[in-house]
Amino acid sequence: MTNGYLPFEKPLIELRDKIVELKKFTEEKAIDLSEEIATLEKKAEKLEKEIYGNLTTWQKVQIARHTSRPTTLFYIRSIFTDFMEMHGDRLYGDDPAIIGGIAKLDGRPVTVIGHERGTDTKDKIARNFGLPHPEGYRKALRLMQQANKFGRPIITFIDTQGAYPGIEAEERGQSEAIARNLREMAGFSVPIICVVTGEGGSGGALGIGVGNRLLMLEHAYYSVISPEGAAAILWRDASKAQQAAEALKITSADLKSLGVIDEIVPEPKGGAHRNPDQQAAYIKKAIVKHLNSLLKLTPEELVEDRYQKYARIGRYLEPASKGSR
Amino acid sequence: MFKELFRKQRKYATIPSEQAKKEIPEGIMQKCPSCGTILIAKELEKNLKVCKSCGYHFPMSAPERIGSIVDVGRFFEYDAELLSEDPLSFPDYTKKLKQDQEKTKLNEAVVTGEGTIGGYPAVIGVMDSRFRMGSMGSVVGEKIARAAERATTKRYPFILFCASGGARMQEGVLSLMQMAKTSAALEKMNREKVLFVSVLTNPTTGGVSASFASLGDINIAEPGALIGFAGRRVIEQTVRQKLPDDFQTAEFLLKHGQLDMVVSRLELRDTLIKILEFHA
């Protein structure tokens, strides 16, 4: 029964179990416990609000990393129709950690790309847990260039711990692959919408994440470094990841107030995995809304809109400038 | 105002590096960390901080680099007044910024400006690894993006000397987004067909190597420079195997097709002049 529940959800689960038990008892023994049940249900409701309404950063990270959290392929199949997956970077190989292809959004052709971390163990291993190699980013670039050529909007789903830190990845130019995507994405003249669905792991996330609009699921996180990595650097202790997560300001609410994301997409109570279909519907609604507004822009305006979005991000002091720009 | 800037530039060339201060209290001798040769500090400076014995390239501060590349008295700094904030109220960040400002006499980890090199005008950026390991926060990103924008407007080539541990953790996701901001500015340059030369020096890693540092029309590295995306330790822990000795060096990258050339610091200025001449 508690399978798949996170530690902080335990009190709620226990209470719910008790309610189920009482209901069963009522049926079996024909004793009226409706008053007690009603009280407990009220209590559960309150507890639920308390727990899910006040999630700490670390609890959100746990939800974002939940093993049953829906992955990109699920969202693609739920939100779009006629998905045709395309493979390969035409240079080296096909990286299953990034998937992409063409699909229809309410009948409109679009290009969809995303990190895919896999569902069962075998799938996860095959997809390297969603940690891409350079060929993944180069496949994404190829598909985006294709989209740009044929005037298709680009939708990307971000969900990775980061780009894979491996020998071959370095040899084949992990840095260059990501860097090139950042530059090229800045220049495409079609609408680009990026959705952070789970983990936004640094450069590996950003490598498919330069868009006109950046949306983020309520409990997703997006960070310059993993909480564990930051803890190791700051306190030489990876177990202080919770503290680091707080300090790094990585939640959707943080990113909204920092002016990085455009919209927080709500999650069903307890997280996307509690009701994947509803989650997909929420994401679709947000994508459609933003796409409709972007479709009103000309190709030149789309490029400029994206340029200005990133030009604005950052906080610094500029004493009254003496020089000219 | 120009006179002021002129004076500033002269001052740059004389600041001894932090490392020089530490290792030789009297500032007379310096030991090469690569071959162990004891070097006379003044001669080392004259030799652009390259070991005469083994060719090891000592780290160079931004002022030293500008002094070694730009025509004397021909550097006019941009945006020197930009200062970092502490947007996340990150533990100790303000204190560390202050320490580094005092140590380096710089406001931030990059110096940008314009000048001439061998008579050719160029926009120049130089990162300084003494300042927060040359990491990129909002100010570094903004200064580099503005430099690229000016280069585009003026149609001057942009030469950027990279030396950075990556994105600056203390500014969180704002630092990460500077990768996108700087790359977008370079996209504009690229579209306008203005030359961008990236010079990768020791170290160029993480978010900096995964953004502007890798985007040169020409990518040049100094010998022995550490260049890579992920840290060596992270990779070792992930793949659980021994990494080759030359892993993530400039030479390793050259071998794997990631660089146009590896150029000794002693020939770097001449190489850049030649490139500028080709694109004049």
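**The enclosed cavity and annotated regions of the predicted model**

By class, five nonpolar, one polar and two charged residues make up the lining of the largest cavity; Ala, Val, Leu, Ile, Met, Phe, Trp, Tyr, Cys and Pro count as nonpolar, Asp, Glu, Lys and Arg as charged, and the others as polar. The model is predicted: local features need pLDDT of at least 70 and side-chain atom pairs pLDDT 80 or more, whereas totals for chains, interfaces and linings use all residues. Residues are numbered from 1 along each chain, chains are lettered from A in the order in which they are written, and side-chain values use heavy atoms, without hydrogens and water.

The structure holds one cavity of 30 Å³ or more, a cavity being a set of points on a 1 Å grid where a 1.4 Å probe fits but cannot get out, with lining residues having an atom within 4 Å of a point. The volume of the largest cavity is about 40 Å³, taken as the space filled by probe spheres set on the points. Its lining includes A:R183 as well as B:L186, B:M189 and B:N190. Helix α7 (residues 172-191) of chain B gives the most to this lining, with three residues; helices are DSSP runs (H or I, at least four residues), and strands are runs of E of at least two.

B:S61 lies in the loop between α3 (41-46) and α4 (62-69) of chain B. B:S61 is buried, with a relative accessible area of 1%, where buried means under 20% (1.4 Å probe, protein chains only).

An unreviewed UniProt entry places a coiled-coil region at residues 23-50 of chain A. This span is 86% helix and 0% strand.

Conventions
Buried means under 20% relative accessible area, exposed over 50%, partly exposed in between (1.4 Å probe, protein chains only). UniProt positions are given in the numbering used here, feature names are shortened, and annotations may be inferred rather than shown by experiment. On a 1 Å grid over the protein atoms alone, a cavity is a set of points where a 1.4 Å probe fits but cannot get out, and a pocket is an open set with protein on both sides within 12 Å along at least five of seven lines; lining residues have an atom within 4 Å of a point.
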